[in-house]
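This briefing is meant to be read with the sequence and the coordinates open side by side.

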Amino acid sequence: MYKNIYERLFEESSLGFVHNKMIFDEQHRAIDFIILNVNQAYLDQMNATREQLVGKRVSLFSSETNTHLGNWIQSYEKVFTTDETVEFIQYSSLLRKTYFVKAFKISDDEFVASIDLYDSYKQTYESAKMEQNLILNAIAEGIIVVSNDYLITHINSSANHILGHDNDLSLLGKDIFEVLFQDAQEIKRTQFKAAMGKLPMYNRVTQLRKSDGTWLDVSLSILPKSGRNSEIGFVISFQDISQLQGLKRDLQQSEHTKQILVDHLPGMIYRCKMDENWTMTYISEGIKTLTGYDVNEVIDNNIIAFNDIIHPNYRDSLQDAWKEIIDKGSTFEKEYMIITKEGKNKWVYEQGKPIYDEAGQVIALEGIIIDLNKRRERDLEIEHMIYHDQLTGLKNRLYFDETLTSLDDEQAYPFGVLIANIDNMKMINDNFGRMAGDQVILDFASILRAYEKKNFIVARTGGDEFSIILKNTPSLETYEVMLEIQDKAKTFTYDGPNGLHYQMTVSCGYETKLDHESSIKDIIRSAEDFMHRRKLIAHSRSNRDSLSSIKATMVANSQETQDHMERMGEIALKVGVKLGLKQSTMDDLYLLAMLHDIGKIGVPFHIINKPGPLTDDEWEVMKKHPLIGYQIAVSSADLKPIAEGILNHHERYDGKGYPNQVKGRDIPLIARIVSIIDAYDAITQDRPYRPKKSHEAAIEEIKKHAGTQFDPDIVDIFVKVFE
């Protein structure tokens, strides 16, 4: 079980990974979880150490940390309602970070999650900042923002115009009393400080000095900045009441501009009560697009309360988050899920603040809720394009390589790498057409897609090449999967123009990574070499290379048959798997099993096919075929690796074989294996000079000669292959 977990985790990834165990109450509701393991990226993103998190229950953390992590429980709980990977966006109020989370269940109470920083907050903030500036400059009223030490930090266009200043930046950094009152500034400063006790809202009609020294009648309001740790002291707004009709027109235009901005927001603006239903007292028309409900259905809970629109998994956490915001006097920010009128889930982002009365009591909540679904869908589409093959929909080379690296980094052994190559794709494209070639690829992809359900990674890694990562799979099982895939491919046939017919065949190779010693490159190279060797040996009609010619010559000039060579090869692979041979050795064993008697090409036909016993002279000629085969093999780049095996396949374990009387383990391993398989096949098949014997008789005969003719250890393994 843990191996399956570590296959998904990798320490060097920029993604944070965490393995958790969920704790449920008697009603099977998630109430707590234990952090079992994390990677370094997770620790970095959470600003924590391994000792602080691993092995700890969330409920046992400090109250502040517990609140932060406890808010994740509801998000994680839905992992146990599906076998698919669950995705959500989670904001951490403790860390002031937004995370994109993927999680999947690995048992009834354990799950794995990956987290990454998400930039939605930053984007929303920047967008809100631009909208704020646009709104301020569109408003007819003069707006001036002043610091705690009475310096101007922001002034809108209307304020500059009303006061008669042309340069928008000329007043920034100046003392507000000097700008608004000039020679009367000290008196006004004293009056203002005395009036500060009347805040939170200061309203009155007064006069301000314009840039030309004249006085201007205005309606002025002063609002202090709520919250702590802010450089902003208060905001001053004023209207020129000397031209009332013009002011009315400006106000109407200002309201129209603000309404346009509100109507075009990708969401809704609201004002609601701080109660269990979030009773809405004002909602913009954007609620229709966001939720599917009309304003009159939600306002004052006429048909449905907004709390019922919020997904059940987030209702309690939102209540808790708002209570914390009110206690701290800060701004509310959170991403959560709602349920639309059509019953669909939708992700939204909310930013809001509490509104206080003069006594400091909360009288309402105001804010904006924005639709996040389109961006999330776009992100998922981009991710799919990055990691999937366009034609087949399978994973691509990038995903395959990254998965291999992660498994190796986590040392999640054993895992197999199987490479499959569709034979004769060039012939298909040339004779049947590219569309037919694509269909062959799609048909083979449909075969491999079934293995994704077994938790294997299936990828198209080339034009006609596919690769599979078999996680937590021993070598023998990988070999059996390879044979199964080859057999399934043969069930697809195609008829083309001019009577052309094609049966799909694939050449496969595999290797199993058992430890950290061998590199991923070596594993892939070994699997590819095995695949190319199988393709070289393949006897399809289109394969007319030199090796096929050699096999044809062997069949024509000796007692060898195609069936005999194939039987030898398949049995040899089974024995090799039982022995745990490396893939490179398996390749050589397979070739030797099929071509060990290649030297018989050089033995006269009448000796090879003589029905009776050979004379002494004829036997001496026959015993030369290992040396002849050796000379043929060393001159061929494809057969050179098995030359020593060909030379020694008739040597005996007791040293009484031929041609060089080599004994014991001095005989190459693959030759010792093939000598047993060759003897078994000879006993169980008809020969010109004797009839075949049963399998049981052949096994007893081989056991009888263990330690003399055959390596006794290999005999034991050979017998187990047939058990």
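The notes below are grouped by topic. The model is predicted, and every value quoted here was computed from it.

**Packing of helix α28**

- Helix α28 spans residues 695-704, and within it Ala698, Ile699 and Ile702 are buried. Viewed down the axis of α28, these buried residues fall within an arc of 100°, so they line one face of the helix.
- The buried residues of α28 pack against two other helices, α27 (669-684) and α29 (712-721), while the face turned away from the buried side carries Glu696 and Lys704, which are exposed.

**Salt bridges**

- Asp32 and Arg57 meet through their side chains in a salt bridge, with an N to O distance of 3.2 Å. This pair links distant parts of the chain, since Asp32 belongs to strand β2 (residues 30-38) and Arg57 to the loop between α3 (50-53) and α4 (63-77), 25 residues apart. Asp32 is buried at a relative accessible area of 2%, whereas Arg57, with 33%, is partly exposed.
- Glu366 forms a salt bridge with Arg271, and the closest N and O atoms of this pair are 2.2 Å apart. Because Glu366 lies in strand β15 (residues 362-371) and Arg271 in strand β11 (residues 267-272), the pair ties together parts that are 95 residues apart in sequence. Glu366 is partly exposed at 27% relative accessibility, and Arg271 is partly exposed with a relative accessible area of 26%.
- Asp597 and Lys600 also form a salt bridge between their side chains, at 3.5 Å from N to O. Asp597 is buried, having a relative accessible area of 2%, and Lys600, at 16% relative accessibility, counts as buried.

**Aromatic pairs and charges over rings**

- Phe177 and Phe181 form a stacked aromatic pair, with 6.3 Å from centre to centre and 25° between the planes. The two residues are four apart in helix α7 (residues 176-181), which means that about one helical turn separates them, and both Phe177 and Phe181 are buried.
- Phe444 and Phe466 form an edge-to-face pair, with their centres 5.2 Å apart and 80° between the planes. Phe444 lies in helix α17 (residues 434-449) and Phe466 in strand β18 (residues 465-471), so the pair ties together parts that are 22 residues apart in sequence. Phe444 is buried at 0% relative accessibility, and Phe466 is buried with a relative accessible area of 0%.
- A cluster linked by ring pairs contains Phe24, Phe33, Tyr76, Phe80, Phe88 and Phe111.
- Lys395 lies over the face of Tyr399, 5.0 Å from the ring centre, and the charged end of Lys623 sits over the ring of Tyr658, at 5.9 Å from its centre.

**Backbone details and a loop contact**

- The peptide bond from Tyr658 to Pro659 is cis, with omega near 10°, and Pro659 is found in the loop between α26 (643-648) and α27.
- A cis peptide bond also joins Tyr413 and Pro414, with omega at about -5°; Pro414 lies in the loop between α15 (397-409) and β16 (415-422).
- Asn424, found in the loop between β16 and α16 (425-432), has a phi near 65°, which is a positive value in a residue other than glycine. Asn424 is partly exposed, with a relative accessible area of 23%.
- Tyr150 has a positive phi of about 70° although it is not a glycine. Tyr150 lies in the loop between β6 (142-147) and β7 (152-155) and, at 18% relative accessibility, counts as buried.
- Ser107 lies in the loop between β4 (97-105) and β5 (110-117), where its side chain reaches the backbone nitrogen of Glu110 at 3.1 Å. Ser107 counts as buried at 18% relative accessibility.

Note on methods
Residues numbered from 1 in each chain as written. Heavy atoms only, no water. Buried < 20%, exposed > 50% of the residue type's maximum accessible area, 1.4 Å probe, protein only. Arc of directions from axis to C-beta. Contact = heavy atoms within 4.5 Å. Salt bridge = Lys/Arg side-chain N within 4 Å of Asp/Glu carboxyl O. Phe/Tyr/Trp six-rings, centres within 6.5 Å; stacked < 30°, edge-to-face > 60°. Lys NZ or Arg CZ within 6 Å of the ring centre and 35° of its normal. Polar contact = N/O pair within 3.5 Å; in protein donor to acceptor, adjacent residues only side chain to side chain.
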